[in-house]
Amino acid sequence: MQLTPEQQEQVRQAKAAGQRRVHLRFTPEQRNAWQAAVEEELAAKDENIAHLRKVRAAAEQPGFFGDLRRAIVLSRRPAGELAQRIGVEPGLFTDFQAGEADLPSAALDRLVETLDLRLVQEIAR
């Protein structure tokens with residue numbers, strides 16, 4: 001949301017005074033934009049929560065893909081950044097995280113490298 005020149009000056013003065021917070025009054029247009037953004041966020045809330053539950057469940061799966069998904073979560077790197085680094089569409093990457101899609105083997109290789117992982121084979125006793 002774009003601040004008015006008066007609001008920008010208030011922020012500048014607050015920063016100069018070392019304040020960490022400033023109280024700004026929204027213009028009617030800003031209030032409408034804020035309310036629209038809140039409504040949009042709330043409309044997607046249930047879908048976002050369902051997706052995060054799928055990601056968590058997929059990361060709890062045993063085996064290589066569960067391990068890889070846990071490593072993605074532990075990396076705390078944005079999905080979009082990782083998707084770009086390994087050369088796949090962000091939607092495909094988030095579907096992979098949720099266990100709803102597979103990544104091409106070349107992308108899996110790049111993901112392992114990007115996350116700085118090593119593959120180790122356990123020898124059964």
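Select Arg12 first. Its relative accessibility is 47%, so Arg12 counts as partly exposed. Keep in mind that this is a predicted model.

Glu9 and Arg12 form a salt bridge, with 2.5 Å between the closest N and O atoms. Both residues sit in helix H1 (residues 5-16). They are three residues apart, about one turn of the helix. Glu9 is partly exposed as well, with a relative accessible area of 31%.

How many salt bridges does the structure hold? The count is four. Two further ones follow.

Go to helix H4 (residues 64-75) and pick Asp67 and Arg70. Their side chains meet in a salt bridge at 2.1 Å, N to O. The spacing is three residues, about one turn of the helix. Asp67 is partly exposed at 43% relative accessibility. Arg70 is partly exposed too, with a relative accessible area of 31%.

Next, select Lys54 and Glu100. This salt bridge has its closest N and O atoms 2.6 Å apart. The pair links distant parts of the chain, 46 residues apart. Lys54 is in helix H3 (residues 45-59). Glu100 is in the loop between helix H6 (90-97) and helix H7 (105-114). Lys54 counts as partly exposed at 41% relative accessibility; Glu100 does so at 43%.

Last stop: the surface. Select Met1, Phe26, Trp34, Val38 and Leu42 and show their surface. Together they make a nonpolar patch of about 500 Å². Center on Trp34, in helix H2 (residues 28-43). Why does Trp34 count as partly exposed? Its relative accessibility is 45%, and partly exposed covers the range between under 20% for buried and over 50% for exposed.

How values were computed:
Residues are numbered from 1 along each chain as its sequence is written. This is a predicted model: local features need pLDDT of at least 70, side-chain atom pairs count only at pLDDT 80 or more; totals for chains, interfaces and linings use all residues. Side-chain values use heavy atoms; hydrogens and water are left out. Patches are made of residues with over 30% relative accessible area and no salt bridge: like charges are joined within 9 Å, nonpolar side chains (Val, Leu, Ile, Met, Phe, Trp, Tyr) within 5 Å. Accessible areas come from the Shrake-Rupley method with a 1.4 Å probe; for residues, only the protein chains shown count as cover. Helices (H or I, at least four residues) and strands (E, at least two) are DSSP runs, numbered from the N terminus. Buried means under 20% relative accessible area, exposed over 50%, partly exposed in between (1.4 Å probe, protein chains only).
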